[in-house]
Amino acid sequence: MNQLLWKELRDLRGWLAGGLGLAAAFALLLATDVFGGSFVGLWMQALMPMSAAAAAIGIGVAQVARERHARTLDFLLVRPVTPQAIVWTKFVAGSAVLAALVAAAVALAYAKPQFVLDTGLRAIREQVSLKQLLLILFPRFWCLYALSLAFSVLVDRSLKAAALAGVLAVALIALAGAFADLAPFSGFVFWTPFFDGTGGLIEAARSARLSSVTGGVYAALALLIAATAAGLLQRSPERYLGTRGLAVSAAAIVIVAVVSAEGASVRLPELAPAGVWQLPGALTAAIHADDVPPAFVDESDEGGIAAHGSLVAVVSNSAVRFVDFSDPAHPRLRSTVELPLWQSLAEWSVFKAATIDDAVLVVGQKKALPVDEVQIAIVHSSGSIDAVPLGPVRPSDYYSVPVPVGPLVYLGVTHGRVCSLRIFDPAAHRELAPLALDRMRPPAKAINEGAAPVRIIHRGNYLYLASPSFLTTVDVADPAAPRIAGRLPVQPKADFLYGFPRPLGWQGQRLFETRYFPQSVTAYDLSDPAHPHPAAEFTDHGGLAFDGDGRACYRPWRSGVLEFQSARDGFQALRYLHSGSAIATIALSGDWLYALTAPTPQKPRTVQAFRIAPSRGH
Amino acid sequence: MNAIVVENLTKRFGRRTAVEALSFQVPEGSVCGFLGRNGAGKTTAIRMLMNLARPSAGRATLLGLDSRAHHTALMQRVGYVSESPVHYDGMKVRDLVRFTASFYRAWNAPRVGELLDRFAIDRDQKVRHLSRGSNAQLALALALGGDPELLILDEPATGLDVLVRRDFLEGIIQLIQREGRTVLFSSHLLHEVERVADQVVLIDHGRLIHSGSLEELKLSMGRSLEESFVEMVGERARL
């Protein structure tokens, strides 16, 4: 073996032995069940990327700077070998050691397949092989290593190079977060070197195209940076950056990161609310500490809103408030109806309420003996309350958003591993014959599938229902005699995701179904509304849920709501409905969007009205 | 034919000029003393010759080749020992010799072995355990391993005791010169230079004071090298 390469590998043996030793120790601890299964999730999502980044930086920064400081670099430079060859040899040795360390770090998560509690990690392992994950991850850390090596050429102390690389790494991570936040629907998430919750890395690993494109670009960058480092040492063996130069470079990195984030942010037209109504809340002064600001204690920490015309029903666990937005600039509380012993049901950002004329239909559970009961409460603004009983509360049952069509109300229900569509006539206080939609397969061992949701959305004469095995179309042209018009089998992305919620939305001729791990959207073509067929599947990294009114789609985003529409191969952001606060739920009615702000200790909750028509994309 | 040709060699560190427009030649086969006070710029100039420092201006030609453009080719033919040689101290002497030899097309292993024996350096000893003197001797042995046509030594006698220094300067340098090779060695110990050098280059504050034959210098000044140096440097200081 080339003596110089052997020397470089010898110099890195501490990293190799330490890293592999640490991995072996963790593997042993995993095998002996010392940690809970959650450790693997913690390792994969936080510790592994940090360890790999630390190794990439640690190996790279010392290779030239330490030799320059110790003056052993002079020993090499007065031998018949080019400075470029010295750097390339170091690069080869460093890359080999880094590859071994990254492989060991990633392999830990695959060491004991049956021992993972974390669902996100389970999804990763079911969908991405160790080899795929290594192929996608290594080029990213390789690039960071090459940058560290280049910094090592620029300075005369490992610590200085490490400081510069650290500033760069932090700037890049901040940049990744900023890009993901500021540029909705961008493909930036495919380029991250860590699991950021959007599933971008998993999707990139699964796709041969994304894997080769991102991996290829990172690898090419790594080689380019190494070539630059070699060229720099060839040009001059002296350090390029003193302490002042180092400070200027670090500042430049931060400035470039900030400017890049600004440049990458999507500049959207903003829309301000036309009217704001503040929920009553008690302002409490801090008693024990003067420096703690006053906090709002809001009675409606849960709940949401539903709208019909200009009437907005604000639902909490204890009351429904009807707010009249017919003069949006001066909304007024029309009535408050108390809901004693009541708890509304909600899951994620889906609020289970709908409106008919001046009444709101809310799915919830009411305290009762011997067991609590699930009901659809029909609350009229006049103060009267009707209830449609649905049955006793059972943890494995699921109830969807109620969907009123004509005089009837439809509800997706899962009970005893059977999903069905239940139909009610509230005026007549009777229930029609249900439609069986989906008989779920027996539960998988060691996987708690929970209550499988049935998501439901109404468009024209059809209801579309997402249940664990199917996307079902129900014709409600004759509301009293609904019939199943079509049924599309759905294959979950991973076995254990069977029964995972798949929110639905629609816009124009497209029905959207959000899927998870990695997060994506399947778009169905509705040109034949009875028989939707899959038209495209694309990445959805803007959030988990969306509401559509047929003209555009909406989702809570930053301090407001993002308005977007479907484009050919994804989504396109249109407007930013700027609320000034995070949004909990939204409701659409005609040309208006109503947004209920999320509870915070600092601000009272409000309902804000945005006039959304016409928007740019309409 | 000159083994070393230096033309307007300049090195600035920020606003400080360490070497300024230095020009001189060293004929082939000569032993040239490169003289100057501490901090005169000798080491900086030598580091530029060895391409360990990038000149701010000017150029140097060694053995007819540009020192920067043909650095790698030149290093097959030029040996160098720095003021305080640093080696990979985790290696054993034997491993370091093998490692160094791997860079050269032709490696004179018998000569290196002979020098290690002459300096009584244990081949199985770790470099970090060598004394300062042994370390300098090891550096010299390694520099001679490639059979260099030109040997550049930066204060080679520093850290050596009197006996070794005498052996080093008179024995080794004359041995090398007998083989028709050129030696440039820097020093501030003028009486030692006077014993072995036939050429001298004198610099002060990074500038050339004198370059040429040592004999001619002594004849023209009518004094010893040391007295001549004091007079020239003192005159400059007065100016």
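Tutor: Gladly! Let's begin with a definition: two strands pair if DSSP finds at least two bridges between them. Keep in mind that this model is predicted.

Student: Thanks. How many bridges join S25(A) to strand S26 of chain A?

Tutor: In general, strands of a sheet pair through backbone hydrogen bonds, either parallel or antiparallel. Here, four bridges link S25(A) with S26(A), residues 510–515, and the two run antiparallel. Look for Leu504(A), which sits opposite Glu513(A) of S26(A).

Student: In what order do the four strands of that open sheet come?

Tutor: The order is S25-S26-S27-S28 in chain A, with antiparallel pairing. Strands S25 (504–507) and S28 (533–539) of chain A stand at the edges with a single partner strand each, so one side of each has no neighbour in the sheet. On average, neighbouring strands of this sheet are turned by 25° against each other, ignoring direction.

Student: Now for the hairpins. Which residue takes a positive phi in the hairpin of S17(A) and S18(A)?

Tutor: That is Gly406(A), with a phi near 60°; two residues lie between the strands. S17(A), residues 403–405, pairs with S18(A) in the antiparallel sense over three bridges, and Val405(A) stands opposite Leu408(A).

Student: And what joins S18(A) to S19(A)?

Tutor: Seven bridges join S18(A) to S19(A), residues 418–425, again in an antiparallel run. Leu411(A) has Arg422(A) in S19(A) as its bridge partner. The hairpin of S18(A) and S19(A) also has two residues between its strands, and there Gly416(A) takes a positive phi near 60°.

Methods:
Residues numbered from 1 in each chain as written. Chains lettered and ligands numbered in written order. Predicted model: local features only at pLDDT ≥ 70, side-chain atom pairs only at ≥ 80, totals over all residues. Axes fitted to C-alpha atoms, helices over the stretch in contact; angles between N-to-C directions.
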